[in-house]
Amino acid sequence: MFRFKKLAFLFIVASMILVACQPAATAEPAAPAAPAAGLDCAPNCQYSDLVVGFLQTGSEGGWRAANTASFKETAEQLGLTLKFYDSQNDLAKQVAGFHQFNQDPEVNVIVLAALETTGWEDVLQEAKDAGKLVVIEDRRIDAPEDLYVTYIGSDFALEGRKSAEEMCKLLEGMEGKKVWELVGNVGSSAAKDRGQGFREGMGACGIEITNSQTGNWSATEGKQVTEAWLKESQDVQGIFAQNDEMAFGAIEALKEAGLTPGVDVKILSVDATGNAFKAMLAGDLNVTVECNPLLAPQVYEAALKAANGEELPKWVPSQEGVFRADDPNLEEITAGRTY
Ligand code: AHR
């Protein structure tokens, strides 16, 4: 009997110790979920709270001018502060500009139009550590997605596939389908993806790329490269210029060599700038595949949403069309263009 009482006593003491060691029951209300990362003004940030540091590539032509104007004009309309940095198409300068914005206490949003796809992890991490929001515009980059808010820009590979499809139509029925490719700045996503997309589509009609070289998005270089090729051979049926500017250079080179662009050699470019429409109306250019530069309203809206802690999709692709010189409504379409 005594032994039983002793065991019962030990059991009760052990139970009390066990209960005392348990974590407190969840009687208290659950802690609120951690707020999504945003700026200090979240969730009521306004455009006027944004100080945007914009790292532009440079000023290589009509497309870039329209892109820059979009950022400057929209900033004024929305009442946000824009600090504009011209990287002058120099990667080292662009990276230096990024560090500068990371260290600028006023800047809370950084917009990057990247000259190259790679090499951004360190500055992006630095921006994140400094509490800056980064939006990628125009040119996609290869970097971990958690280091930036979103990418707003074109599907360049799709532009390349559309270009191949259009070139196939232009060369239909021709015996030879030799095409020269004027490439943009080689490390950029626009050049890489347009080139890849074109190659994916060109097999459908047997296009053969017999020359391919960079013209660095410029009319001058596009002309020089085409001149050099023409000295070697004039056996070419089409030119795929990865932007309008290089096509303008190629057109000049063909004319100076006594050829008729648009007729003797079909010309296709990407961008759809105002000057491309003029060239189509003049019969020099056959097709331009659109790449929309008016991205600022979407970029600033995304920045504001992110400032208020909203999660965004990692890529918002632009909607773009194709314009042809033989479109019976070309004059009307040209009149309605805004860049
Ligand atoms: O990234 C877009 C490209 O950059 C345009 O096609 C070209 O004209 C510009 O420089």
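Reader: Okay, a cavity here is a set of points, on a 1 Å grid over the protein atoms alone, where a 1.4 Å probe fits but cannot get out. How many of 30 Å³ or more does the structure hold?

Author: It holds 1. Keep in mind that this is a predicted model, where local features need pLDDT of at least 70 and side-chain atom pairs count only at pLDDT 80 or more, while totals for chains, interfaces and linings use all residues. Residues are numbered from 1 along each chain as its sequence is written, and side-chain values use heavy atoms, leaving out hydrogens and water.

Reader: How much space lies in the largest cavity?

Author: About 130 Å³. Volume means the space filled by probe spheres set on the points, with grid points joined across faces, edges and corners.

Reader: Which residues lie nearest its centre?

Author: W63, R64, W217, N243 and D271, out of 15 lining residues (lining means an atom within 4 Å of a point).

Reader: Switching to pockets, what's in the largest one?

Author: About 380 Å³ of space. A pocket is an open set with protein on both sides within 12 Å along at least five of seven lines. Its lining has 18 residues, with A37, L133, D146, Y148 and V149 nearest the centre. Here α4 (121–129) and β4 (133–137) are the elements giving two or more residues, and the classes come to 9 nonpolar, 3 polar and 6 charged.

Reader: New topic: how many disulfides does a search find?

Author: There are 2, a disulfide being a pair of cysteine sulfur atoms within 2.5 Å. In the C41 and C45 link the sulfur atoms are 2.1 Å apart, and the S-S torsion is about 100 degrees, so that disulfide is right-handed.

Reader: And the other one, which hand does the link of C168 and C205 have?

Author: Left-handed, with -85 degrees about the S-S bond. That pair links distant parts of the chain, 37 residues apart, from helix α5 (residues 156–170) to the loop between α6 and β7 (208–214).

Reader: Is C45 buried or exposed?

Author: Buried, at 4% relative accessibility (buried is under 20% relative accessible area, exposed over 50%, partly exposed in between, with a 1.4 Å probe and protein chains only).

Technical notes
Helix = DSSP H or I, 4+ residues; strand = E, 2+ residues; numbered from the N terminus. Nonpolar A, V, L, I, M, F, W, Y, C, P; charged D, E, K, R; others polar.
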